[in-house]
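User: I'm new to this structure and would like a close look at one part of it. Could you walk me through the metal site?

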Amino acid sequence: MAEPVYLGVDIGGTKVAAGLVTAKGRILTQARAPMNSRGSAAEGLAAVLAAAGAATAGRRPAAAGISSPGPLDPRRGVVLNPPNLPCWRNFRLAAAAGRKLGVPVKVDNDANAAALAEARWGAGRGYGAVFYATLGTGVGAGLVLDGRIYHGRTGAAVEGGHVSVDWRGVRCACGKRGCIEALAAGPALAKRARALARREPAKARKLIEAAGGRVTGITGEAVGAAWRAGDAVAEEALRQTAEWYAIWLGNMVDVLEPEVIIFGGGMGALFAAWFPHIRKHMAAWTINRRAGEIPLRLARYGAEAGIAGAAALCLP
Ligand SMILES: [Zn+2]
């Protein structure tokens, strides 16, 4: 009998990506369809089915998983009211997709799903308590305990990106102040670098160059590129941002004491390059005297974390 394959569907604000994934986490196929997140609920579902159809290409998966921006109810497979997906309000995504695909469908939020893929197949394999953080335009987090996503009472647990590390800090899009997302995600890194570059433009020559010649054009990606090229201001912006992550992870270690901490997402590799600095500063932000023993690792899955994560939801 052929090895079972699982369909993983990754929903974003502008596109849906889908792929067939083996029970060992290998991605066999990938396809995409455009997503109109501001259209009707039916149009949103049609985008999911289009990507799924292209990815399966006639092969029948044993089950399907869908990774979606939250908030959602993973137990009932209902997408509640994600700000980035106005097309779906209290939408029964698992039931609707399951009817069309003819297989059982599981739904979870993108960070939880990616955390599960890392725990089952990636950098967290072999560890019982896996804390995963996805760093990009936002900060997401997931906790996997003995191979199961920790959901909390209603499925809203481990919104790690909205843990505040500075009650007087900048206001986050969620309304709270000083969330790690508001202080250390891509846009915050870019803002910090822009302020530093304005103060010392001579030192930021490579950074400004990487941003197309204008300080206002500096993005998180430009900071990463300029730092790799040896720019002093990019380095300073990253150092300061890494220190926020150190405070945050110190808190996470005190609450969870995970067996491994994994960085993924579009900026995961950039901040993983700062693990030694993060580890050094983390010691001051945890009372756990053995925190230094916890491995800090880069995720196995990069851009395909959503597909792998969604497929991982199907595992027994
Ligand atoms: Zn927040």
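Analyst: Let's start with the zinc ion: its protein donors are His 162 (ND1), Cys 172 (SG), Cys 174 (SG) and Cys 179 (SG), lying 2.0 to 2.4 Å from it. Donors here are N, O and S atoms within 2.8 Å of the metal (3.2 Å for Na, K and Ca), and water is not among the atoms, so sites may look incomplete. A quick word on the background: this is a predicted model, where local features need pLDDT of at least 70 and side-chain atom pairs count only at pLDDT 80 or more, while totals for chains, interfaces and linings use all residues. Residues are numbered from 1 along each chain as its sequence is written, and side-chain values use heavy atoms, with hydrogens and water left out.

Back to the zinc ion: its four donor atoms subtend angles of 104 to 121°, which makes the arrangement tetrahedral (four donors count as that if all angles lie between 85 and 135 degrees). Along the sequence, the donor residues follow the spacing H-x9-C-x1-C-x4-C. His 162 and Cys 172 each lie in the loop between strand 11 (148-149) and helix 4 (180-184), so the pair ties together parts that are 10 residues apart in sequence. Helices (H or I, at least four residues) and strands (E, at least two) are DSSP runs, numbered from the N terminus. How accessible are His 162 and Cys 172, buried or exposed? Both are buried, meaning under 20% relative accessible area, with exposed being over 50% and partly exposed in between (1.4 Å probe, protein chains only).

Notes
Tetrahedral: all angles 85-135°; square planar, octahedral: opposite > 155°, others 65-115°.
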